[in-house]
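Student: I would like to learn how to read features from a model. Please take them one at a time.

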Amino acid sequence: MNPAGIGKIVRVTAAVITGAIALSAYAGVVGLLGGGISFGDTIDARLPFGSLFLAGLALLAIVAVPMTVASVAAGRGMRYGADIVFGAGLALVAWIAVQFAFIEAYSWFHPTYLVAAIVVLGLSWLMNRTASPVTRPAKLGLQDIQLHG
């Protein structure tokens with residue numbers, strides 16, 4: 001298979017995985033904002049201001065929207081798609097770390113989504129490695145700087 005074909009497979013895989021993470025995050029947002037999800041009185045009290053609503057908004061802003069943008073960027077083969085996917089993966093890692101800090105409880109969601117975040121980060125690296133010269137962002141080096149006397 002030619003490098004362009006491999007790059008397309010990597011981009012489509014990144015789009016599907018980030019899209020799936022975004023969909024699951026939107027489901028969580030709906031559950032939190034709609035009152036369908038509760039972590040129990042003890043954990044709910046550990047949330048900022050004890051608010052499931054604010055937790056839902058944070059999930060929307062930190063995970064759902066960035067993963068949606070990453071999915072679109074990867075699917076369309078945007079010039080900075082790999083960087084956007086990388087940022088969404090880092091946001092997911094940060095979300096998991098913040099969850100541990102606030103709720104101080106362990107769930108199967110944590111390792112599952114941590115693995116998903118690592119996969120997303122790996123895919124962003126592969127997207128960068130397999131990007132065509134047309135879509136790869138130019139790197140400015142010292143040799144490119146012209147000094148005028």
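Student: Is Thr42 buried or exposed?

Tutor: Buried means under 20% relative accessible area, exposed over 50%, and partly exposed in between (1.4 Å probe, protein chains only). Thr42 has a relative accessible area of 53%, so Thr42 is exposed. Thr42 sits in helix H2 (residues 41-46).

Student: What should I know about the source?

Tutor: This is a predicted model: local features need pLDDT of at least 70, side-chain atom pairs count only at pLDDT 80 or more, and totals for chains, interfaces and linings use all residues. Residues are numbered from 1 along each chain as its sequence is written, and side-chain values use heavy atoms, with hydrogens and water left out.

Student: How many helices and strands does the protein chain have?

Tutor: Helices (H or I, at least four residues) and strands (E, at least two) are DSSP runs, numbered from the N terminus. Here the protein chain has five helices and zero strands. The pattern along the sequence is α-α-α-α-α. Of its 149 residues, 34% count as buried.

Student: How do I read a pocket?

Tutor: Rolling a probe the size of a water molecule over the atoms shows where empty space is left. On a 1 Å grid over the protein atoms alone, a pocket is an open set of points where a 1.4 Å probe fits, with protein on both sides within 12 Å along at least five of seven lines; lining residues have an atom within 4 Å of a point. A volume is the space filled by probe spheres set on the points, which are joined across faces, edges and corners. The largest pocket holds about 730 Å³.

Student: Which residues lie nearest the centre of the largest pocket?

Tutor: Leu32, Phe39, Leu59, Trp95 and Gln99, out of 30 lining residues. Helices H1 (3-34), H3 (52-76), H4 (81-103) and H5 (109-130) each give two or more residues to that lining. H4 gives the largest share, eight residues.

Student: What is the make-up of the lining by class?

Tutor: Ala, Val, Leu, Ile, Met, Phe, Trp, Tyr, Cys and Pro count as nonpolar, Asp, Glu, Lys and Arg as charged, and the others, Gly among them, as polar. The lining has 25 nonpolar, five polar and no charged residues.

Student: Where is Arg79 found?

Tutor: In the loop between H3 and H4. Arg79 is partly exposed, at 42% relative accessible area.
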